[in-house]
Structures are given as structure tokens and as C-alpha cells.
Amino acid sequence: MKTLTIGELELGSGMPKICIPLIGKSQEELLKEARQAEELPCQLVEWRADYMLAEMKDMTLRQKGGELKQVLKYLRMELDLPIIFTIRTKKEGGQAELSKKEYFFINRLIAEARIADVMDIEAFDAPGKVDERSIRKFIALAHKHHTHVLLSNHDFEGTPDLVEMMTRFFVMQELGGDLMKLAVMPKKEEDVFCLLEVAALMRDTYGEIPFIAIAMGKLGATTRICGGEFGAVITFASGAEASAPGQLDAVTLQNFLLQYYQKDKEGKRDTE
């Protein structure tokens with residue numbers, strides 16, 4: 001399985017790493033969440049900056065970017081964990097209402113500051129529609145500033161068929177990111193099985209970079225536990241509050257993972 005090293009953290013080896021999203025709407029709320037996260041079983045955090053950005057009503061775009069950059073500096077001082085910086089747009093289930101130009105402007109400011117370890121960039125403008133030039137240009141900029149790029153796609157409408165999910169992974173892989181993520185909303189059990197089948201195909205045959213594969217909601221909660229068995233390198237858990245449907249709290253998820261992977265090891269020993 002492909003791996004990615006972020007500081008001292010190696011994604012893709014051992015159990016999937018637990019990431020806690022931070023969704024504070026103010027600097028005070030965010031730093032409080034960060035301190036709570038450090039007391040929880042997690043290996044990295046994701047700052048969902050779109051929650052704070054949505055509160056910045058009367059500021060220019062440059063002021064908004066500057067404010068987020070300053071808050072990220074404080075977050076960096078508070079945490080001794082890798083940080084994923086994410087502006088999740090409304091079209092993918094987030095809080096930010098930005099044009100594409102505004103979205104990349106703020107993300108460029110953050111990448112140039114070299115404060116985040118990973119930048120989450122939404123790969124698709126719409127299903128099947130990719131601004132390849134903008135994404136490749138951003139990835140080159142991020143890499144120049146020693147920042148990894150996670151290309152992502154979130155489908156809250158349902159679960160695409162196997163071919164479509166594979167295609168989305170292939171597109172993200174081809175764009176040149178360091179890591180990729182696909183999250184879908186299952187409507188029936190077969191959707192969960194299909195997502196895991198796609199993950200297994202990426203793990204065994206087609207994957208060239210590490211990936212995350214998640215089925216959201218209550219129906220898909222098991223993928224947050226067993227996803228690593230199918231190749232997913234990160235799983236998301238709630239800290240103070242969940243940022244997506246189906247997230248388990250970090251302690252519960254850690255306990256499930258320990259039990260799941262311990263049983264898996266014991267099963268392998270029994271068959272050897």
C-alpha cells in the first residue's frame with residue numbers, strides 16, 4: 001500500500017490514522033477545540049476553516065485570508081499534530097460560499113505561508129467537471145512551499161456506481177496530488193459494499209497515491225472502522241462536535257479500531 005510521510009506521521013502503515021475536524025466559528029472556540037483534541041486519541045487534525053470564514057461578513061477577501069492565516073499560526077503554536085487546512089464549499093457540504101477565484105485566492109495565501117501540513121482542495125467543480133489548470137497550478141505552488149495537497153470529492157446526493165467512483169479516483173490521482181479522498185452518501189447497504197469494493201481495487205491494483213474512502217451517515221459508519229482494511233489511510237472522528245454525518249467520537253472509534261485490528265492480527269496468526 002502506498003504511504004505518505006507528514007513530519008513523523010506515516011499514512012498508510014499500521015491502522016488508519018484518526019483525524020479530528022475542528023469547526024470553531026471563532027478563534028477562541030477553535031483553540032479550545034484544539035486543546036480538547038490533544039487530549040483525545042488522534043494523530044492529526046483538520047481545520048474546517050469554512051466555519052469561521054462564514055462568520056466574516058464585513059471583510060474584504062484579502063482581510064479574510066489574512067485573518068485565517070493569523071488564526072492558523074496560533075493553531076500551529078497550540079498543536080503538536082499535523083494540520084489539514086480545509087475550506088469546504090457549500091456544494092460539497094461545507095459552509096463557504098466562494099467563487100472559484102476567491103477559493104483559490106485564500107488557499108494560495110495559506111499555502112504560501114507554509115503553516116499547514118496538508119491543504120484540502122476540492123477536485124471537481126461539478127460531477128465530471130474539473131478545472132485542471134487551476135488545480136495543477138495550485139499543487140505546484142503548494143509543493144514549492146513544502147505543503148502536501150489532498151484532493152477531495154464529497155457526494156452528499158448518493159453513491160455513484162463503481163465505474164464513476166473509480167473514475168473520480170483516477171482523475172484525482174492524475175492531477176498530481178499527494179493524497180485523495182472520496183466520501184459518498186449511501187442509500188442502501190449495497191452502496192457501502194460498492195464503496196469498499198472500489199477501495200479494495202485502488203489498494204490492490206490501481207492506487208498510485210494514498211487515499212481515503214468513506215461512506216457517510218449512519219449506514220456507512222462501519223467504513224470509518226474497517227476502511228483501513230480496504231486501503232483507507234485516514235478515518236475521521238468527532239471531537240467537540242461532528243463535522244459530517246456518521247462520525248463516531250474519537251474515543252469510541254479508537255476502541256473499535258484497536259479491537260478490529262487486534263482480531264485481524266489474531267485471525268492471521270491462526271491461519272499461518
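Guide: Start with contact, which means heavy atoms within 4.5 Å. By that rule, leaving out residues up to four places away in sequence, Thr86 touches Glu46, Trp47, Arg48, Ala49, Asp50 and Asp120. This is a predicted model: local features need pLDDT of at least 70, side-chain atom pairs count only at pLDDT 80 or more, and totals for chains, interfaces and linings use all residues. Residues are numbered from 1 along each chain as its sequence is written, and side-chain values use heavy atoms, with hydrogens and water left out.

Visitor: Why is Thr86 called buried?

Guide: Buried means under 20% relative accessible area, exposed over 50%, and partly exposed in between (1.4 Å probe, protein chains only). Thr86 has 0%, so it is buried.

Visitor: What joins the side chains of Thr86 and Glu46?

Guide: A polar contact of 2.7 Å. The term covers a pair of N or O atoms within 3.5 Å; within protein, one must be able to donate a hydrogen and the other to accept it, and residues adjacent in sequence count only if both atoms are side-chain atoms.

Visitor: Where is Thr86 placed?

Guide: In strand E5, residues 83–86. Helices (H or I, at least four residues) and strands (E, at least two) are DSSP runs, numbered from the N terminus. Arg48 stands opposite Thr86.

Visitor: What makes E4 and E5 a pair?

Guide: Two strands pair if DSSP finds at least two bridges between them. Four bridges join E4 to E5, so the pair qualifies. These two strands run parallel. E7 (residues 148–155) and E8 are also parallel, with six bridges. In that pair, Asn153 stands opposite Leu182.

Visitor: What is the strand order of the open sheet?

Guide: The eight strands run E9-E8-E7-E6-E5-E4-E3-E10, with parallel pairing. E9 (211–215) and E10 (234–236) are the edge strands, as each pairs on one side only.

Visitor: How do you know that E8 is mostly covered?

Guide: Six of its six residues are buried. Leu179, Lys181 and Ala183 lie on one side of E8, and Met180, Leu182 and Val184 on the other.

Visitor: How do you know that the span of helix H3 agrees with its length?

Guide: The expected span is 1.5 Å times one less than the number of residues. H3 (residues 61–78) has 18 residues, so it should span 26 Å; its end C-alpha atoms are 26 Å apart, which agrees.

Visitor: Which residues of H3 are buried?

Guide: Lys64, Gly65, Leu68, Val71, Leu72 and Leu75. They cover an arc of only 130 degrees around the axis, so they sit on the same side of H3. That arc is taken from the directions from the helix axis to the C-beta atoms. The face turned away from the buried side carries the exposed residues Arg62 and Met77. The buried residues pack against several elements, including E3 (17–22), helix H1 (27–38) and helix H4 (100–113).

Visitor: Is His145 buried or exposed? And Lys144, buried or exposed?

Guide: His145 has a relative accessible area of 14%, so it is buried. Lys144 has 57%, so it is exposed. Lys144 is in helix H5 (residues 132–144), while His145 is found in the loop between H5 and E7. Leaving aside neighbours within four places in sequence, His145 is in contact with Ala111, Glu112 and Arg114.
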